[in-house]
Structures are given as C-alpha cells and as structure tokens.
Amino acid sequence: MGKMNNQVLYNLSLLKESEDHVEFKEAKRDFDFNGGSHKDPKDRRHCILGYVVALANEKGGRLVFGMKDKRPHEVVGSTFAEGEIGALEDAIYKHLQIRVRIEEQYEPEEGAEARKRVVIFNIPSRPVGKLMKFEGVPLMRTGESLREMSDEEMYKILSEQEPDFSATECNGLTI
C-alpha cells in the first residue's frame, strides 16, 4: 500500500467493515446517489442513500470512497463529487432529514505529485425509536450484505421510546 502520510487514512485501512460500522467502496469516479436506473429494489439500495440509511440504523458509521473493499483497505483515490461536497451533504439531508458530514483526505503518491483523494461520509445514528428508510424500506447491513431489516430489529428500534414501567415508582403502594 505504500507509506501513508495521513494518520486518518492509515487508521481507516485497518478497520473491519461489520465490526467497525464502516463501508468501503472504490468509487474511483462515480457512485449512484439514489439507485440510478436499476429496476430491482435489491440493486437500487446499493447507493449512497441506501448505505446512509443502513449505517444510521446501526447507530452511525462511515461510508468511505476511494479505498479498496478488501483489508488492508488500499487507497485507490476517487474523483467522486469533487468540488461538490456541500451540495452532496445538502442533497442527503433533503432526502433523508439526517445531517451527514463529508470530509476529504489526501494521500500523496510516493515520488509523484498526484494526490490520492478519499471521501469519508460521517453518518450519525438515527434518532432514538425511529427507523431510517430508503424507498420505504428500513435497511441494515449483515456481514457484507445490505438487507431489508428484520421484524425483530424493527421492533427493537421502535420499542426504544417505550417507558420502562419496572423502573417507575408506585407512590402510595402498600403490601
């Protein structure tokens, strides 16, 4: 992978996708924003909005463009959304009502002037008790897959706002 001058990129290269709530995509030039021209819903969800929804449902994480999927995640560079980061953040907010912060990191290529660019989407957790959905479907990641959320997972999230009656005091209660 070469010597990394950027500690952020080095730390990212060591992460495991499912354990560390991060998704790596090469996305050297382009990546679908909202499903593109795909007809099959399973193919449509493999887009920026789909991954943001799934990671937000997992209490937040990162979507990283410009690094290989296999560990150690080698920097390959990406020109995706170059000069359009603010507009991309705004478009995500407009569609999902969640504020994603996007940053760019650069790794200089050894012995060259070319700099490899990595785009990092910092995705916050969904609000407590609320499911995030893409095209009406709550998504989650299981291992390397992006799947429709199970009923059990949906129930756990929706139950987060329910009060715990076993923890409340019963004033005036006698035995």
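Helix H4 (residues 48–57) is largely enclosed by the rest of the structure, because 10 of its 10 residues are buried. Buried means under 20% relative accessible area, with a 1.4 Å probe and protein chains only. Helices are DSSP runs of H or I with at least four residues, strands are runs of E with at least two, and both are numbered from the N terminus.

This is a predicted model: local features need pLDDT of at least 70, side-chain atom pairs count only at pLDDT 80 or more, and totals for chains, interfaces and linings use all residues. Residues are numbered from 1 along each chain as its sequence is written, and side-chain values use heavy atoms, leaving out hydrogens and water.

- The buried residues of H4 include Ile48, Tyr51, Ala56 and Asn57.
- H4 lies across S1, strand S2 (61–65) and S4, and runs at about 155° to S2.
- Such angles run from 0 to 180 degrees between N-to-C directions; axes are lines fitted to C-alpha atoms, for helices over the stretch in contact.

**Arginine 126**
- Arginine 126 sits in the loop between strand S4 (115–123) and strand S5 (133–134).
- Arginine 126 counts as buried because its relative accessibility is 6%.
- Its side chain makes a polar contact of 2.7 Å with the side chain of glutamate 160.
- A polar contact is a pair of N or O atoms within 3.5 Å; within protein, one must be able to donate a hydrogen and the other to accept it, and residues adjacent in sequence count only if both atoms are side-chain atoms.
- Beyond its neighbours within four places in sequence, arginine 126 is in contact with Ala56, Asn57, Lys59, Met132, Ile157 and Glu160.
- Contact means heavy atoms within 4.5 Å.

**Four-stranded sheet**
- This open sheet has the order S1-S2-S4-S3, with mixed pairing.
- Strand S1 (22–25) and strand S3 (101–108) are the edges, each with a single partner strand, so one side of each has no neighbour in the sheet.
- Neighbouring strands of this sheet are turned by 20° against each other on average, direction ignored.
- Two strands pair if DSSP finds at least two bridges between them.
- S3 and S4 pair in the antiparallel sense over eight bridges.
- Tyrosine 106 stands opposite arginine 117 in S4.
- Helix H5 (residues 85–96) lies across S3 and S4, at about 145° to S3.

**Three-stranded sheet**
- This open sheet has the order S5-S6-S7, with antiparallel pairing.
- S5 and strand S7 (145–148) are its edge strands, each pairing on one side only.
- S5 and strand S6 (residues 137–142) pair over two bridges.
- Phenylalanine 134 stands opposite valine 137 in S6.

Note on methods:
Buried < 20%, exposed > 50% of the residue type's maximum accessible area, 1.4 Å probe, protein only.
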